[in-house]
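Colleague: Could you take a close look at one part of this predicted model for me? I'd like a single connected walk through it.

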Amino acid sequence: METVEIFHDTSDVFHRSSGAKRRPGPDPERRTYRSYAVFNDPDGNEWVLQEVPAES
């Protein structure tokens, strides 16, 4: 599997169906839950991964 893109979303709620508020790269302020990676598996399914904080 290959990562297609890493991006952050500028809206308060991420909507997968619209890329209008996506910006390339991780969230510049490194805010929790704001960075994503998108990739396609070998069967052609799209997966969106969301960055989450490490457990303390």
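Modeller: Phe 14 has a relative accessible area of 24%, so it goes down as partly exposed. You'll find Phe 14 in the loop between β1 and β2. Skip its neighbours within four places in sequence, and Phe 14 is still in contact with Phe 7, Asp 9, Arg 22, Tyr 36 and Val 48. Of the strands around here, β1 covers residues 2–9, β2 spans 22–24 and β3 runs over 35–40.

Now hop along the chain to Arg 34. Phe 14 and Arg 34 sit 20 residues apart in sequence, yet their C-alpha atoms are 8.5 Å apart in space.

That brings us to the loop between β2 and β3, which holds Arg 30 as well as Tyr 33. Check the backbone at Arg 30: phi is near 55°, a positive value in a residue other than glycine. Tyr 33 also has a positive phi, near 65°, and isn't glycine either. On the accessibility side, Arg 30 comes out at 48%, so it counts as partly exposed. Tyr 33 is partly exposed because its relative accessible area is 41%.

Among the elements, β1 has the lowest mean pLDDT, at 79, while β2 has the highest, at 89.

Note on methods. Residues numbered from 1 in each chain as written. Predicted model: local features only at pLDDT ≥ 70, side-chain atom pairs only at ≥ 80, totals over all residues. Heavy atoms only, no water. Helix = DSSP H or I, 4+ residues; strand = E, 2+ residues; numbered from the N terminus. Buried < 20%, exposed > 50% of the residue type's maximum accessible area, 1.4 Å probe, protein only. pLDDT = per-residue confidence, 0-100. Contact = heavy atoms within 4.5 Å.
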